[in-house]
Amino acid sequence: MSVFEARGLKIYYKTKRGYIKAVDNINFSIEKGQVVGLVGESGCGKSTFGQGILKILPPTTFYNGVMEIEGKNLVTMGEEDIRKIRGKKIGMIFQDPMTSLNPIMKIEKIFYETLKTHEPDITLEEARERTARVLEKVGIKPERMKEYSFQFSGGMRQRAMIALSLVLNPTLVIADEPTTSLDVIVQAQIMELLNELRREYDMSMILITHDLGVVAEAADKICVMYAGHIIEEAKSEELYYAPKHPYTQLLLKSIPNTNINDLDLKYIPGSPPDLLNPPKGCRFAPRCPFKKEICELKEPKVVEIDGSKVKCWLYSEVKV
Amino acid sequence: SSVIVVGTTDKIRTLDPANCYDYFSSNILQNVLAGPVDYEVGTANIKPWLFEKWDVSSDGLVYTFYIRKDAYFEDGTQIDANIFKFSFDRVMRLNGDPAFLLSDVVEKTEVVDKFTFKVHLKSKFSAFVSILGYTVAFPVNPKVTPEDRFSDIAPSASGPYRISEWIRDVRIVLEENPKYFGPKPKTKKIIIQFYENSQQLRLALETGEIDIAYRHLDPRDILDLQNVSGIKVYLGASPQIRYLVLNVKQKPFDNPLVRQAVALSVDRSAIVKDIFVDLAKPLYSMIPAGMWSHEDVFPKRDLQAAKEILKIAGYSEKNPLVIDLWYTPSHYGTTEADVAQVLKSSLEETGMIRVNIKYAEWSTYVEYFLNGTMGLFLLGWYPDYLDPDDYLWPFLSVSGAKSLGSFYENQIVEDLMVAGRAATNQESREMIYKLVQNYHAAEMPYIPLWQGSADCEAHDYIKGIILEPTQIFRYYLLERK
Amino acid sequence: MIYVRNLVKHFPIKRTIGEVLTRVPQRFVKAVDGISFDIKRGETFGLVGESGSGKTTTGRLLLRLIEPTAGEIFFEGTDVTKLSKEELRKFRKNFQIIFQDPMAALNPYMKVGEAIKHGLEIHNIGNSRMERKKMVKQMLERVNLSPADDFYYRYPHELSGGQRQRIVIARALILRPKFVVADEAIAMLDVSVRSQLLQLLIDLKKEFNLTFLFITHDLATTKYICNKIGVMYLGKLVEVGDFKDIYLEPLHPYTKALISAVPEPDPKKKKKKIIPQGEVPNPINPPKGCRFHPRCPFAMDICRQKEPKLIEYKGRKVACHLYK
Amino acid sequence: MRKKFVSERIGEIINDLFKTGTGLLTFIGAMILLFYITLAIFAPQIAPYNPIERVGRSLTSPNDQFVFGTDNLGRDILSRVIYGARIALTIAFIAVLIAAGVGIPLGLVSGYLGGAFDRVLTLIMDAIYSFPGLILAIAIAAVLGPGVVNISVSIAVVYTPTYFRVIRNQVSSIKSELYVEAARALGAKNYEILLKYIFPNVLPSIVVVLSMNLADAIMTEAGLSFLGLGIAPPTPDWGFDLSNGQRFVLSKAWWGLLYPGLAIVTVVLGFSMFSEGLNELLNPTIRERR
Amino acid sequence: MSLKSYIITRVILAIPMIFILLVMIFFILRIIPGDPVLAILGGKAPLEVIEAKRHELGLDKPVIVQFFDYIGNVFRGDLGVSTLTNRPVWDEIKDRFPATLELTIFSFIIALLIGLFYGAEAAWRKDKSLDISARVYSILLYAIPVFWLGLMLQLLFGVYLRWFPVGGRLSPRVSLDIKTGLLILDSVLNWNWEAFSDVLKHLLLPGLTLGLVISSIFLRMVRNNTVLMLSKDFVKAAKARGLKSRVILYGHAVKNAFVPIFTIMGMQFALLLAGAVLTETTFSWPGIGSYLVLKIKYRDFPAIQGTIVFFAMFVVVISIVIDIVNALVDPRVRY
Ligand SMILES: Nc1ncnc2c1ncn2[C@@H]1O[C@H](COP(=O)(O)OP(=O)(O)OP(=O)(O)O)[C@@H](O)[C@H]1O
Ligand SMILES: Nc1ncnc2c1ncn2[C@@H]1O[C@H](COP(=O)(O)OP(=O)(O)OP(=O)(O)O)[C@@H](O)[C@H]1O
Ligand SMILES: [Mg+2]
Ligand SMILES: [Mg+2]
């Protein structure tokens, strides 16, 4: 059973020059206890999707389609109802722990405020106790909750941020590049922590990152995004060993692996399209080495092969 | 209803008689302290007050005063000769602003007995008793007045009122002084409220916040108020005179012809009409009209004559006389700039004079006229004692002319004035002063312009307002009907 | 070509007046604390380590963009630290730097062509304006920015991140330097662009016969370009040697940790990770003894007391008490 | 190739100017300024009367002959308002020029050199800056006495630290920017760095501060002359005319108070709109700061 | 750094500031072209008297000696003696300061309320009509000279409608036992409601005038900084935790926006004081602003100098206080 599902979801930013189609007609679902990785180049709409789920994008944002959590459609839901879901049902971890915690508030105050919002009857004592418990889980000594976030190191802050997203026991956690701004070693520490916690809390997680290495280690399923579309969705192993979409294939080649003898550097020429006026056909077509006539004319459909979903004419035609 | 509120834009600087030399401070002191002599209400005639009577020695150098025996300060201290000696000596020792009035003439003071006080003069001075009417000679209470410095608190009362509250620049409250020997004031409590400007004062009067507005409404406001029902405007004479000073040592004013041309072209009536809306009077002598020995010695405006004279002096329309006219912007109130404007246009009407208006703040102004920087400038005079001598000596004596920036020197005039000071006979003095005025009009180191008027505005239920020639404003005569 | 001996850089920490008066002693950030290494002509020396370990500082010291606290830097026999200001200015032709953040490294109010040309003007390369312009355009073409005529007149904000970094590279290389410091030159770029630029750097290095100091925190990229690497931790070099040796058999526990922390895209190779606890300590008060001991899984008593020396071991240098 | 590029940019700016509210703001501001500058320059041609001559009865209410009425000396208020633009703008421009002429070079040098020189200068400027501007101007104006130059100097003293601070702070932060370090790595000389790399980067904020200060300077001048510390009468001056007009409002002569006041408000409004717009057009990040 | 040592540092840092201000004031005021002695004595005093007075004021000593006398006196709390009233300037300022304090506090509160709520709500609805109105409001009010606004309010509410008095602090007929000098406080302490309403009536127009003018700047600062804060990640994070929008706006964005605002508050205060000079003059408010103007009119040299020194000290004290408050609000300053 899926915890969260998006169908035909469109999230557009309204700007003076037109709509930026940051998320365009995507279908997505996540099962209970599953970790789904969302990868893609910068600007392809990963954060827009992640934050769009909570509807915390700027008020000018336009939503269409269905986002379902526990049978309720977030797209049509009123602001006050959504507010009650935020934090409570869906937790969020942000990229930059430096800036995501209010610098002039003590950690315990931030926790108390969050708890009080969703459980108005909670006392300060109770809140402290729960804060202590969850902080301990993420490896922070409870007495440090009396400190301010700027007194923490980067890794500690991210731990606190994780604790904060878990304190209300949400069913789904969205982690938007949780390790990008951290050091290599700390990065590994945090990933390990997330893995442990996921098992312990039995929660679902959407892990957004641009680092294929990171998702490969942690995710059960990987969705590759390109210019507002999910162009491939597959099990981690499947994706690594048998990437279907040309973009995925190229992306995999262009990241350095740990094989010391593989000195072949590939890269994807060109750059992602402007989301104001994305290409009419397949959005990857202008950069695709296997592009055919149809690719530039018509948007490909999603097809399923070998248990993975691909949005590419190469495969549609095979089927046809 | 036993309270009357008076509003003013004037300020109290100090309430220590030894340092008090501005109108409004003296005005308060005159209602709070009893002085040696007073003036009869409504006149300039001196009458006894603390001094019951006095004798003058035959050489005119020694005055013996007899002090009344029922005068007390509010704390019960009796006023006697020792207190007078203390006060006079203190004034001269501390050498405050008005001290010269005493120290210039007084040689020494002497206590003869408890109620007899003697003053030795440096030289014969017929107007000496007039000086005693000024607050500088009012005795102070040694118990609360520091001997070696000026007091900065309210004085211990000996007059009709005592000061019950004083918030500087906000209000001062006068209440009946039970210890005063004289008649009880008509109103037990007077509140004097201070305002920043004429408009606020007027508004306060119109809204009934105050009952009386005294001093410094703008002339135009006074004019307006004359037509407001329920409000009465009182007008009276003022001993203040306003004039132009011409520095006779500076070009082109060292030329008597130039001075005459200026005197002939100034338009006194324009000033009086446009700016003072007829609340001032044109003045043609340094001695104000209404004072004995006054004579209109200056010529009336005559542009034709002025042109002729300018021609003789070598000026023409093509080669005009270019002069600077100086004024000071705040010392004489807001109207001063306007006056300079009007003077400029009236001189320029000759077509042969070009005027540049210049101004300087008062302290700079004073410095400028003392060191002879300015050639033609506006100044005003307020007498220290009501005597023609005080309108002539300070101007025409060599030392006086220096201190007023005209640098006029004429030994004959000076000798005449010395004689006038010594003479005890009013007629001979009058004759001498007329002569001096004519000398002045011939040489014109000063051109008298106008004579101020005193004014007071009040609701019509207020009675007892008397604008006196002496400018003493007696709060204790005010009452509400 | 480059010999670095006992290079030290301590940044004094500003004290407030209150602290000066209450005699709080002056403290220093020990950014680089006595490092020595050599780079041979044509070699690429990779400097790796966590954030704050002093990599950038080392790079800036080599170019004398900041004054070293102590130590010597020889560049082809010249002691760079002894050059006078004017000599140094002229000497700068020989060594250049490529910064991490290309946007910040370009003057936003200068057309990129002018920015590249300025170096030529400073060092009087080329005879006329026209000639210099031509050289710039050639260089632009070389870093794959064509048409060069168009790019010459653009402002930095009109370029993408990858293009900007190409400009920065062009600006550095147009002087034909012998030695180039690349300070995380590709770290800020998008995944797909990274490889493009890495390839460009590799090509240019060959073409211009450059010697590189390649600073990075991403061990995985070093394999494409580096011959030798040095691992830095808290201002000290803990391991220096041939790339392959170190990569295949890291000796120092810190190097081991760094290598195992590299995320592995191959899901089957989910290896056992040795991840040290905690984070890099404060460089103001580095731990006594071996600076890595508080995080080291193999820490011994001696590690807490004695600072290990950088010794030769198995064909490389390592500073750890485990190896004698 | 190059020409097209420049014209494109200009086209973009003009486009921005009219499409966005900011552009409109700037445009209106600029129009107001142009209007007053024209008034100031062509005052003799535009003004119906000599501003310092009695031309009508005193305190005539606005009518066909005297559109803004006359003051207590029978002078035409419209003409005085027109001529007043001269004084206001002259003083503002001189003051700002002096302030900028002193503050900018000092700020550049101080920020670039740093060290003790910088610290002392910063301390002095901060001291002046922290002091209430008008009060400082009052004190200096009282000391120097009236006169266009004197008033300008008093105002300039108040605004010099503004330039100094803005420039110095920017320079000292730009100094540590990577591109400056890059220039040094190229081997550029100090003055080259200062002129080619640092100055262009502070220029936009100079322009913005400049136009902002012009508004403030006009306001300060009006304040000074309102207090009687400005230009000597009879020279037409808005602040003075305002305080003069205030004397007669109870005589129902509201026009003496209204028109000079409106003149000040509109011209300051013009400058603020202009600088606000400029601010956003030139430097989208700086606007958040003030 | 502990709060205590922060405060000590801050106070020590103020010393050179005070010194520079004092030097500045001294040299500006000592080059007055008009001779203060002559201004005191007028034209009637003979030369010896002038010399004596000059000696008495110490004006015949070398400038450098005068300077050290002056510095010494300032630190002894002796601001000289007014030549106009012969009272110690310090006493006169003490008399008048409460009026200024009352006015500035009152206007500050008005400005704060307007600026805070209007600014915050405008920031929340960025680019909507409320925000546009806020921007128009702030740009318009900024362009209105405080004295003109004062005069217009006077004209409307004082002269035509006669709702409020146009000057002073207390009606003549209302009596009040003055203890603190802050009349609002005094009337409350005395349970004197007649006086209280009278005082409030007098305070309203000048307070509103100054408050409105300052509010424009305040509003702009609050709005811009709140907009900035609203774009920060921690606001987004707070939103993602389901916090209510009021809490996010006031508890997070505005509160953080105040951190930078506090640091420029010192400057705002200087502005407030400058505005107070003009407001006091327009409304005959017997504070130190109108005192200064009055003294300048009479060229009361020691009083001018004393007042300016007082202003300088006041500014320094305020800036210290603001910095300390800032340290309390923003823990980052402390640590
Ligand atoms: N508030 C906004 N208004 C307009 N456009 C936006 C806004 N936020 C993002 N975009 C645009 O939407 C697109 C998708 O952005 P998004 O942040 O979702 O990408 P991303 O995949 O998270 O990239 P990154 O890896 O850089 O975080 C980009 O083209 C971006 O420019
Ligand atoms: N100018 C400076 N003043 C004071 N301290 C500095 C300065 N530059 C660097 N440091 C400090 O020196 C230490 C080393 O910094 P450096 O930038 O060399 O590290 P790095 O290894 O390049 O890190 P990163 O991977 O984050 O770039 C850090 O703690 C840093 O805070
Ligand atoms: Mg993102
Ligand atoms: Mg670095």
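Which element gives the largest share of the shell around ligand 1?

Analyst: This is a predicted model. In it, the largest share of the shell around ligand 1 comes from α1(A), with 3 residues.

Now for the other elements. In chain A, β1 (2–15), β2 (18–31) and α1 (46–54) each supply at least two residues of that shell. The shell around ligand 1 holds 15 residues. Those that come nearest are Ser42(A), Gly43(A), Lys46(A), Ser47(A) and Thr48(A). By type, the shell divides into 6 nonpolar, 6 polar and 3 charged residues.

Next, the polar contacts. Ser47(A) has a side-chain N or O atom 2.6 Å from an oxygen atom of ligand 1. For Thr48(A), a polar side-chain atom lies 2.4 Å from an oxygen atom of the ligand. Glu177(A) also takes part: a polar atom of its side chain is 3.3 Å from an oxygen atom of ligand 1. Then there is the cover. Taken alone, ligand 1 exposes 630 Å². The protein buries 66% of that area.

Ligand 2 can be set beside this. Its shell has 13 residues, and the closest are Ser51(C), Gly52(C), Lys55(C), Thr56(C) and Thr57(C). Here α2(C) gives the most, with 3 residues. A polar side-chain atom of Thr56(C) lies 2.5 Å from an oxygen atom of ligand 2. For Thr57(C), the distance from a side-chain N or O atom to a ligand oxygen is 2.4 Å. Of the 640 Å² of accessible area that ligand 2 has on its own, the protein covers 65%.

Conventions. Residues are numbered from 1 along each chain as its sequence is written. Chains are lettered from A and ligands numbered from 1 in the order in which they are written. This is a predicted model: local features need pLDDT of at least 70, side-chain atom pairs count only at pLDDT 80 or more; totals for chains, interfaces and linings use all residues. Side-chain values use heavy atoms; hydrogens and water are left out. A residue is near a molecule or strand if one of its heavy atoms lies within 4 Å of it. A polar contact is a pair of N or O atoms within 3.5 Å; within protein, one must be able to donate a hydrogen and the other to accept it, and residues adjacent in sequence count only if both atoms are side-chain atoms. Accessible areas come from the Shrake-Rupley method with a 1.4 Å probe; for residues, only the protein chains shown count as cover. Helices (H or I, at least four residues) and strands (E, at least two) are DSSP runs, numbered from the N terminus. Ala, Val, Leu, Ile, Met, Phe, Trp, Tyr, Cys and Pro count as nonpolar, Asp, Glu, Lys and Arg as charged, and the others, Gly among them, as polar.
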